[in-house]
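Good morning. Please look at the screen.

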Amino acid sequence: MQPVLATPPRGVEAVRRSGTDADYLFLIDHSGNGAQVPAEGVELLTGETVSGSVTVPAGGVAVVREAH
C-alpha cells in the first residue's frame, strides 16, 4: 500500500477514500498550526476549486473531491 501523501506535513492526518466517480482526500490538522497540502479538485467544505494545494486550517479539516 502506498502512502496517501509522499511527504505529509507534520501533524496532518491524510486518508483517501475511493468512490465510483471520484476519490476523496480527507485532511485533519492535529498540530494546531494548519498546513498547505498538495491537492487537485474541489474542496467540499468551501466549494472552492483546488489547484496545486489546499489549506488545512489550524485544528481543522479539509475534504477534497479528486476526479478519477
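**Strands, overall form and core**

Reading from the N terminus, the elements of the protein chain come in the order β-β-β-β-β. Keep in mind that this is a predicted model. The count is 5 strands and 0 helices.

Now the overall form. Does the radius of gyration agree with that of a compact globule, or disagree? It agrees, because a compact globule of 68 residues would have a radius of gyration near 11 Å, and the protein chain has 11 Å. Along the principal axes, the C-alpha atoms fill a box of roughly 35 × 30 × 15 Å.

Next, contacts along the sequence. Of the contacts with a separation of 6 or more, 37% are between residues 24 or more positions apart.

The accessible surface is about 4,400 Å², and carbon and sulfur atoms account for 52% of that.

Now the inside. Buried residues are 31% of the 68 in the chain. Which residues make up the largest nonpolar core? It has 12 residues: L5, V12, L25, L27, A35, V37, A39, V50, V54, V56, A62 and V64. Two or more of these residues come from each of β2 (22-29), β3 (35-43), β4 (49-56) and β5 (61-67).

Take one core member, A62. Leaving out residues up to four places away in sequence, A62 touches L25, F26, L27, E43, L45, V54, T55 and V56.

That is the end of my part.

How values were computed
Residues numbered from 1 in each chain as written. Predicted model: local features only at pLDDT ≥ 70, side-chain atom pairs only at ≥ 80, totals over all residues. Heavy atoms only, no water. Core = buried A, V, L, I, M, F, W, Y, C linked by side-chain atoms within 4.5 Å. Buried < 20%, exposed > 50% of the residue type's maximum accessible area, 1.4 Å probe, protein only. Helix = DSSP H or I, 4+ residues; strand = E, 2+ residues; numbered from the N terminus. Contact = heavy atoms within 4.5 Å. Rg over C-alpha atoms; globule rule 2.2 N^0.38 Å. Areas by Shrake-Rupley, 256 points an atom, 1.4 Å probe, with all protein chains shown as cover.
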